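Thanks for coming. Please have a look at the model first.

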Amino acid sequence: MAEVSNKQVILREYVTGFPKESDLYVNSTATIKLKLSEPEHEGSSKKLVLVKNLYLSCDPYQRLFMERIEGLSSQSTSSYTPGSPIYGHGVAKVLDSGHPDLKAGDLVWGTTYWEEYSRIPAPEGLIKIQHTDVPLSYYTGILGMPGLTAYVGFYEICSPKKGEHVFISAAAGAVGQLVGQFAKLMGCYVVGSAGSKEKVDLLKNELGFDEAFNYKEEADLNAAFKRYFPEGIDIYFENVGGKMLDAVLLNMRVHGRIAVCGMISQYNLDQAEGVTNLMHLVYKRIRLHGFSVRDHYHLHPKFVEFMLPYIRQGKIVYVEDIVEGLESGPRALVGLFKGLNFGKQVVDVST
């Protein structure tokens, strides 16, 4: 069978410090056959799946894989390989399959490579899309990994109660915007932080947060929290780390809960910032729980059934920032760390 062009986004070299658009490049010379060979269909123990990628998800965790990571277990995701396509979450259409549970024409979401077409060697990580009455791009966000992350972190880990006080950092991002809306549905008082006036307005005027503030305009975060939470914080959904976490600890209530989803402020530092107020975990009997969504994919069916009615009824809003074409991918991904995205950042490669 003839080969077709297969444009790819490649990591040039391992990254130190703040990532630059030039750390990635688009390879336009790669090719691929759009059919698996007979041995790949029948004899391969890997049960390959060939997909056409439709949407690619830009996520902060991808920065971690741009450098050599020491100490990951064999069950964890490994660093990217310089000179090879990067990977992440995406939505794709199956073109050919050696896996008994997937067939040509199926729509799936899960881990794929940043290229037009991908041969997936471990298709067990792909989840078949059953509901197509919502935008397919939603499976990179509200119905995909970020949505499940918000659901698990808030409901399963934070165990919220009506009337509690909830703070979310990076609240206008893919995960934070959902956590805030979940908390409002529970009858909580909700405050979020973001990095621009436009994002603060989004949180308050479109997503229903009670209050929101631009952390870049707050010289004293401790004072800001005392202003927005005079009675303290019951639940903190942690996406930022560093000085934000340190100030939150001073303002947590007794028996508060902190779900640690990420720490984007630390990803580009040569030396991570220390946290000085950890004794407040003891003073106030606070539960600090780091988690990875990969431990909770068994909850995805339950999560989708929970989310779909809210989406269909317009009770949960989801903001996406979609760019067109793989050529736009490097700028979109690096832009996450400059706060350039407005909502969930997605790369559309469907055309």
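Let me start with helix 2 and helix 8 (residues 300-312), which pack at an angle of about 90°, with their axes 10 Å apart. Axes here are lines fitted to C-alpha atoms, for helices over the stretch in contact, and angles run from 0 to 180 degrees between N-to-C directions. That angle makes helix 2 roughly perpendicular to helix 8. The cut-offs are under 35 degrees for roughly parallel, over 145 for roughly antiparallel, 65 to 115 for roughly perpendicular, and oblique for the rest. Helices (H or I, at least four residues) and strands (E, at least two) are DSSP runs, numbered from the N terminus.

On the helix 2 side, the contact is made by Gly-147, Leu-148, Tyr-151, Tyr-155 and Glu-156; helix 8 supplies His-300, Lys-302, Phe-303 and Phe-306. Contact means heavy atoms within 4.5 Å. These residues divide into five nonpolar, two polar and two charged. For the classes, Ala, Val, Leu, Ile, Met, Phe, Trp, Tyr, Cys and Pro count as nonpolar, Asp, Glu, Lys and Arg as charged, and the others, Gly among them, as polar.

Two notes on the source. This is a predicted model, in which local features need pLDDT of at least 70 and side-chain atom pairs count only at pLDDT 80 or more, while totals for chains, interfaces and linings use all residues. Residues are numbered from 1 along each chain as its sequence is written, and side-chain values use heavy atoms, with hydrogens and water left out.

Next, helix 2 (residues 145-157) against helix 3 (residues 176-185): the axes come within 9 Å and cross at roughly 45°. The two helices are therefore oblique to each other. Gly-147, Ala-150, Tyr-151, Phe-154 and Tyr-155 of helix 2 meet Leu-178, Val-179, Phe-182 and Ala-183 of helix 3. By class, that contact has eight nonpolar, one polar and no charged residues.

Helix 5 (residues 221-228) and helix 6 (residues 243-251) also pack at about 45°, with axes 9 Å apart. Their contact has six nonpolar, two polar and two charged residues.

Now the core. Which residues have the most contacts inside the largest nonpolar core? They are Ile-142, Leu-143 and Met-307, in a core of 53 residues. A nonpolar core is a set of buried Ala, Val, Leu, Ile, Met, Phe, Trp, Tyr and Cys residues joined through side-chain atoms within 4.5 Å. Helix 2 gives the most to this core, with seven residues. Leaving aside neighbours within four places in sequence, Met-307 is in contact with Ile-142, Leu-143, Leu-178, Phe-182 and Ile-316.

Ser-193 sits in strand 11 (residues 189-194). At 1% relative accessibility, Ser-193 counts as buried. Buried means under 20% relative accessible area, exposed over 50%, and partly exposed in between (1.4 Å probe, protein chains only). Ser-193 and Lys-216 are 23 residues apart in sequence and 9.4 Å apart in space, C-alpha to C-alpha.

Last, backbone angles. Most residues other than glycine have a negative phi. His-255, in strand 14 (residues 252-260), has a positive phi near 65°. Arg-285 has a positive phi near 50° and lies in the loop between helix 7 (280-283) and strand 15 (287-290). At 48% relative accessibility, Arg-285 counts as partly exposed.
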